[in-house]
Amino acid sequence: MIGANIKNYVKKWRSTLIITPCIAGLVIAGSNIGILRILEWVTLDQLFRLRPKESVDNRIVIVTIDEPDIQYVKQWPMADRVMAKMIRNIKAQQPRAIATDIYRDLPVEPGHAELVQEFQNTPNLIGIEKVAGKPISPPPTLAKQGQVAANDLLLDTDGKIRRGLILLGKPDQSLAQGLGVKLALMYLEKKGIELTAINPDKQIYGLGKAKFVPLSSNDGEYNEADMGGYQVLINYRGGLESFPHISLTDVLENRIPANFMRDRLILIGAKAPSLNDNYSTPYNNNLFFPTELIPGVVIHANLTSQILSAAIDGRPMLQATVKPFNWLLILFWSGYSATLGAMYIKKRWLTVGGFFLAGTIIVSSAYIAFLGGWIIPVFAPMLTVASATIVSIVHVLWRNLRLSYQKLEDYARTLEDKVQERTAQLAQANAEISILNEKLQQDNLRMSAELDILRQMQQMILPKPEELEVIEGLDIAGFMEAADEVGGDYYDVLYTDDVVTLGIGDVTGHGLESGLLMLMTQTAVRLLKEIRESDSVRFLDTLNRTLYKNVQRMNSDKSLTLVILNYSQGQISISGQHEETILVRNNREIERIDTIDLGFPIALDDDIADFISHTTIQLQPGDGIVLYTDGITEAKDINKNQYGIEQLCEIISQNWHKSASEIKDAVILDVRRHIGTQKVFDDITLVVLKRQEEVLLN
């Protein structure tokens with residue numbers, strides 16, 4: 001009895017038991033080979049920018065060297081005499097330690113002897129050397145006195161610095177301390193806080209309230225190729241504004257406020273762009289509003305501040321969860337989502353609600369964990385939830401369709417056999433045929449109902465008028481009508497972080513497969529917007545790879561043209577390949593923007609990154625954009641004459657003084673007039689965006 005119950009349970013949930021490990025395995029495999037690491041880092045960068053801003057760390061003062069300072073000293077590298085004067089002026093303030101993030105392996109006359117004397121008379125002065133790659137020697141005098149640290153920085157594969165070096169091995173088998181670490185230890189030594197061994201075998205050490213656990217290839221998105229030296233994740237406090245700072249010119253002119261540097265750690269380093277010592281960090285990730293790079297000296301200051309704050313104040317260090325834990329998360333969310341998808345036919349509300357609940361839990365738990373010093377994956381679980389849900393829903397719908405078709409085939413064969421066997425019994429055969437026809441009608445009704453569910457899903461996810469009305473400064477209206485029960489057109493309007501994103505696409509053909517691909521597109525676009533993916537190439541490339549793999553799994557040849565527009569503060573960026581974009585100026589002049597060179601059809605090939613580009617347009621008040629699918633321009637009348645782009649532009653220009661909704665209605669009315677009584681053969685979609693006129697108040 002128990003065995004029979006288990007067998008029935010397995011049979012009932014067989015698809016879920018298959019989908020769960022398959023989706024989880026694919027996501028885990030993609031994560032392990034590095035496909036998802038950049039997207040995972042992008043979501044991590046969002047957490048850095050979303051968390052509350054921390055206070056200024058007054059224990060550290062940064063002396064910056066910018067372009068005006070280089071002009072002031074009249075040469076670069078600065079002369080040894082100038083550097084000696086800088087050190088003397090700083091020493092007069094009695095700092096706890098001084099670090100010069102400036103290479104000084106060779107003399108720069110005049111004043112070399114004077115600088116050597118300052119090196120010899122300043123026991124709390126730290127010079128730098130570069131250990132990895134092409135080494136750069138430290139100042140010889142400071143090297144003899146053991147007053148040297150390594151200023152090497154670690155770049156992730158996306159060019160950003162998220163890791164810091166505690167120790168780094170040198171060719172002579174000795175170990176060099178990182179610059180930020182050496183300064184922190186000098187500061188803490190005077191407070192009586194020293195490094196203690198907690199687990200020497202695993203290189204785990206204690207320092208006051210802090211515990212140091214080295215980053216390993218088993219943590220987060222890193223692998224063996226990223227390892228080298230004793231590394232930790234940098235828990236950034238912020239940019240230059242997070243530390244007291246003063247220019248080199250002010251130091252040389254001795255315009256240092258009283259006690260500004262007393263008993264503090266002083267870091268001296270370049271900020272000038274011409275010195276090429278600025279780097280990308282988690283705070284540099286904005287496509288439309290580029291942010292300044294962070295000077296290398298500020299990165300060292302962040303690592304110093306992190307160690308001091310952890311040892312003295314108990315501020316969390318930053319650690320990434322181990323890969324096995326991440327795999328369990330992915331497996332859990334895969335099973336959760338596959339189960340939700342399997343219940344879609346009977347409990348659609350539970351599937352939709354569970355999907356959004358999962359996204360909320362993933363993002364909120366990652367944010368809370370980050371505040372506590374832990375980095376857990378966000379993008380991989382979100383991708384798992386979306387993929388498993390979609391695949392499970394598609395499987396359920398496809399299975400129901402196949403069952404219906406199988407019944408149709410069975411009934412047809414049965415009917416043929418009955419006719420052949422019972423020719424003599426015509427009356428009885430006719431009665432059986434009537435019964436079979438009735439069943440066929442019932443099956444057709446059920447198939448129609450299932451397709452109607454998908455059509456309703458399409459309508460449910462279209463932008464609601466009340467959503468569009470709350471977008472300030474814009475007047476937006478949209479229209480979509482399917483040629484069949486389920487259409488292959490797609491459009492959406494999303495509003496996130498003061499950026500309005502419009503998307504419009506056209507799947508090849510229409511019907512069930514086209515409708516499913518349209519739903520997948522909307523879900524993927526929504527997900528990428530929710531994780532704040534702003535790079536147009538990564539946005540469309542990630543979307544393409546997601547849909548391409550699903551289309552391959554469906555054994556379908558469907559693809560779609562798609563264009564994505566991002567609007568913010570009067571500027572609109574266009575990416576992707578679709579029909580011409582119509583730009584309408586306030587004076588009703590029309591400009592047609594060809595998108596053939598801005599992208600490539602989605603889901604047609606697995607890699608389209610090289611084909612993706614974008615163009616940017618300024619919208620003045622009264623200007624606007626009109627998007628459409630070829631269901632409008634290729635609509636035919638009774639004589640097979642197409643409606644055409646010229647007629648569309650003329651109607652838009654004639655009605656541009658009206659609201660977006662009235663413009664939309666005028667176009668649709670004119671298209672219907674052109675079609676007349678002719679059958680509609682393609683889906684019709686139209687989106688009108690108009691920047692509202694500014695109101696002048698007397």
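Which residues are linked in a network of salt bridges?

**View 1. A network of charged side chains in a predicted model.** For context, a search of the whole structure turns up 30 salt bridges.

**View 2. Asp45 and Arg162 form a salt bridge.** Here the closest N and O atoms of the two residues are 2.9 Å apart. The partners come from distant parts of the chain, 117 residues apart: Asp45 sits in helix 3 (residues 37-50), and Arg162 in the loop between strand 4 (148-150) and strand 5 (163-169). Both Asp45 and Arg162 are buried.

**View 3. Asp156 pairs with Arg163.** Their side chains meet in a salt bridge, with 3.0 Å from N to O. Asp156 has a relative accessible area of 4%, so this residue counts as buried. Arg163 is buried too, with a relative accessible area of 3%.

**View 4. A salt bridge joins Arg585 and Asp623.** The N to O distance in this pair is 2.8 Å. Arg585 and Asp623 are both buried.

**View 5. Two cysteines, Cys22 and Cys649.** Take a look at how these two residues are placed: Cys22 is partly exposed, at 39% relative accessible area, whereas Cys649 is buried, at 9% relative accessibility. The count of disulfides in the model is zero.

Technical notes. Residues numbered from 1 in each chain as written. Predicted model: local features only at pLDDT ≥ 70, side-chain atom pairs only at ≥ 80, totals over all residues. Heavy atoms only, no water. Disulfide = S-S within 2.5 Å. Buried < 20%, exposed > 50% of the residue type's maximum accessible area, 1.4 Å probe, protein only. Salt bridge = Lys/Arg side-chain N within 4 Å of Asp/Glu carboxyl O. Helix = DSSP H or I, 4+ residues; strand = E, 2+ residues; numbered from the N terminus.
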